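Dear colleague,

Please find below the structure that I am handing over to you.

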Amino acid sequence: MPATTRLPTTPHALLSRHRTDYGPFTVPVTPTTAAADAHRAPHRIPLWCLAGAARGLDDEEIARTLRLHMIDVRAAMTGLEDLAGVQSRSARPALVAYGYRIGLLADLAPEPARQLGAWLTPRRLAVLLLMAQGRTDQQIAESLGCSRKTAANTLAFLVGAFAARNRAHLVAVAYQQQLIDQPLMPLPQHRPTRPFTPEEAAVVDDLAAGQTTQQIRARNSMSVRAAARLLAGAAEAAGVTPRRGLAAVIDSAHRGGLLTVAPEPLDDRPLLAERQHQVLMGVANGFTDAEIARRLHIAYDTVKTALRHLYDALGAGTRAQAVRRGWEFHLLDTPAQ
């Protein structure tokens, strides 16, 4: 038995290691006596544990199936929860959802589809989505304006309707039937319409470097009107409406090749919690903090806290610079949901 379970520190590292190898959890049938050579391949244990959770097994059942000590399974699951940024009693369903969103469970053999019907109302789907985000029954109730008991009863109904073993298994089945496979925060769709003028390119470079509009104005001795006109021209060239803000201009400029960076090595990429990554996507979209909170079904203060931690992780001082750093660290050039 391995003394400790070493977990790759990024989703990229997990994806690069035998994604299709789910050990005894490959097939839909829940294993009971399957043997596993986990001691020969300790780097696969986190992925196998995640697959076991998606099959609806608890830690004890996963340990028994993999013939591991509970401490090894718990260490692997804790590491995965840290990677996904979920740490609560409701972490397991959110962890399974994270596994599907970033592709770790993309090749896990699907289970038999469940018959859907009129009983799957929009409200029940909303409860399912919120649960997959790691929300507690009380948080779901507050979001939907119902009682905690109603939220719990709705989830119990869904578990039974989908013939799931538990809530984590319910999330896996729902993803397999493409009920909650849409990303919480979509990729930005902005694209440039024309090249920047030299003046626009200079101001965009300054913004990407963390300069504020006030600093740019002062350094170039520009009036408020002249600066506004120049920024509006840069936004128009980037294909971004002015209300979407300067961060979206930076993102569009990168996507269209008008602004390039020297990417940092993947191994140096900061480890962001899933919530921080979602907020970064929202910033790149040009969404306000209130819009991000509404799309993620979280509190406004939660967005502000995640944004502050995001700035610290990326070494950024402004939203525009955070987007620039996101491109440097390969955080915006591929889907993350």
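The notes below concern salt bridges and one threonine. Please bear in mind that the model is predicted.

Side chains of opposite charge can pair when their charged atoms come close. In this model, the count comes to 18 salt bridges. One of them joins the side chains of Arg55 and Glu111, with 3.5 Å from N to O. Arg55 lies in the loop between helix H2 (45-54) and helix H3 (59-66), and Glu111 in the loop between helix H5 (91-101) and helix H6 (122-132), so this pair ties together parts that are 56 residues apart in sequence. Arg55 counts as buried, at 1% relative accessibility, and Glu111 is also buried, at 13%.

Asp59 and Arg92 form another salt bridge, at 3.1 Å from N to O. Because Asp59 lies in helix H3 and Arg92 in helix H5, the pair ties together parts that are 33 residues apart in sequence. Both residues are buried.

Within helix H17, Glu328 and Arg324 are 4 residues apart, about one helical turn. Their side chains meet in a salt bridge at 3.6 Å. Glu328 is buried at 13% relative accessibility, and Arg324 is buried at 17%. Elsewhere, salt bridges that share partners join Asp59, Arg74, Glu81 and Arg92 into one network.

Finally, Thr318 lies in the loop between helix H16 (300-314) and helix H17 (319-328). This residue is buried, with a relative accessible area of 16%. The Thr318 side chain reaches the backbone nitrogen of Gln321 at 3.1 Å. Beyond its neighbours within four places in sequence, Thr318 is in contact with Leu207, Gly210, Thr212 and Tyr311.

Yours sincerely

How values were computed. Residues are numbered from 1 along each chain as its sequence is written. This is a predicted model: local features need pLDDT of at least 70, side-chain atom pairs count only at pLDDT 80 or more; totals for chains, interfaces and linings use all residues. Side-chain values use heavy atoms; hydrogens and water are left out. Helices (H or I, at least four residues) and strands (E, at least two) are DSSP runs, numbered from the N terminus. Buried means under 20% relative accessible area, exposed over 50%, partly exposed in between (1.4 Å probe, protein chains only). A polar contact is a pair of N or O atoms within 3.5 Å; within protein, one must be able to donate a hydrogen and the other to accept it, and residues adjacent in sequence count only if both atoms are side-chain atoms. Contact means heavy atoms within 4.5 Å. A salt bridge is a side-chain nitrogen of Lys or Arg within 4 Å of a carboxyl oxygen of Asp or Glu.
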